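Me: Please take a close look at one helix and its surroundings. I would like the answer in plain terms.

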Amino acid sequence: MKRVLSFLFFVALVSCGGREEPIEQPVIMDDDARQVDSIVELEDSLDNIIVSDYDMSMVDEKKRKDFKENLIRIEQEHGEQWDFCVCAVKKDSAEKALLDDGISDEHFEVVWARSEWIDQKCQAFDVQSEQRTPDQRAKRQKDIEDCLKGAGVN
């Protein structure tokens with residue numbers, strides 16, 4: 001009888017004793033969620049490499065990753081880049097000055113040098129949006145006009 005009681009005591013002790021924490025089930029993500037997470041992580045890591053404070057709101061969301069990769073390459077070659085609207089305003093100003101009929105040769109050389117410097121700072125602006133179709137060209141022109149209007153130029 002002692003053996004039976006000892007055995008029952010042992011079984012009760014083992015069954016009540018060592019409580020284990022429940023095993024957490026891994027969260028299973030579908031491929032789309034995984035892809036979105038990896039794109040966000042990649043874009044965040046690209047943001048850490050980009051030197052410029054480039055306003056990404058003017059960049060199509062579908063093309064933002066490619067644009068950021070291109071921006072990194074452009075910055076390595078040409079330095080910090082200005083955003084779309086800053087470039088639109090500065091390029092417009094330089095173009096108007098260069099096309100002014102009353103500009104002297106000396107002043108033309110100064111404005112031309114400034115224009116070339118602006119081009120270095122606006123390489124990303126030049127590759128930002130596609131201009132293949134008439135609709136794409138019209139959209140870009142409207143974006144430029146909106147920037148100029150916002151700056152009080154037009």
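Reply: Helices here are DSSP runs (H or I, at least four residues), numbered from the N terminus. The model is predicted, so local features need pLDDT of at least 70 and side-chain atom pairs pLDDT 80 or more, while totals for chains, interfaces and linings use all residues. Residues are numbered from 1 along each chain as its sequence is written, and side-chain values use heavy atoms, without hydrogens and water.

The part to look at is helix 4, residues 84–99. Its 16 residues should span 22 Å at 1.5 Å a residue (the expected span is 1.5 Å times one less than the number of residues). The end C-alpha atoms of helix 4 are 22 Å apart, which agrees.

Helix 7 covers residues 134–150, and its axis comes within 9 Å of the axis of helix 4, crossing at roughly 80°. Axes are lines fitted to C-alpha atoms over the stretch in contact, and angles run from 0 to 180 degrees between N-to-C directions. Helix 4 and helix 7 are therefore roughly perpendicular (65 to 115 degrees). On the side of helix 4, the contact (heavy atoms within 4.5 Å) is made by Phe84, Cys85, Ala88, Val89 and Asp92. Helix 7 supplies Arg140, Asp143, Ile144, Cys147 and Leu148. By class, this contact has seven nonpolar residues, three charged and no polar ones (Ala, Val, Leu, Ile, Met, Phe, Trp, Tyr, Cys and Pro count as nonpolar, Asp, Glu, Lys and Arg as charged, the others, Gly among them, as polar).

Next come the aromatic pairs, in which ring centres of Phe, Tyr and Trp (its six-membered ring) lie within 6.5 Å. The count comes to four aromatic pairs. One of them joins Trp82 and Trp117, 5.1 Å centre to centre with 80° between the planes, and is edge-to-face (over 60 degrees). Trp82 lies in the loop between helix 3 (64–78) and helix 4, and Trp117 in helix 5, so the pair ties together parts that are 35 residues apart in sequence. Trp82 is buried at 18% relative accessibility, whereas Trp117 is partly exposed at 39% (partly exposed lies between buried and exposed, which is over 50%).

Conventions:
Helices (H or I, at least four residues) and strands (E, at least two) are DSSP runs, numbered from the N terminus. Angles under 35 degrees count as roughly parallel, over 145 as roughly antiparallel, 65 to 115 as roughly perpendicular and the rest as oblique. Rings of Phe, Tyr and Trp (its six-membered ring) pair if their centres lie within 6.5 Å; planes under 30 degrees apart count as stacked, over 60 as edge-to-face and the rest as tilted. Buried means under 20% relative accessible area, exposed over 50%, partly exposed in between (1.4 Å probe, protein chains only).
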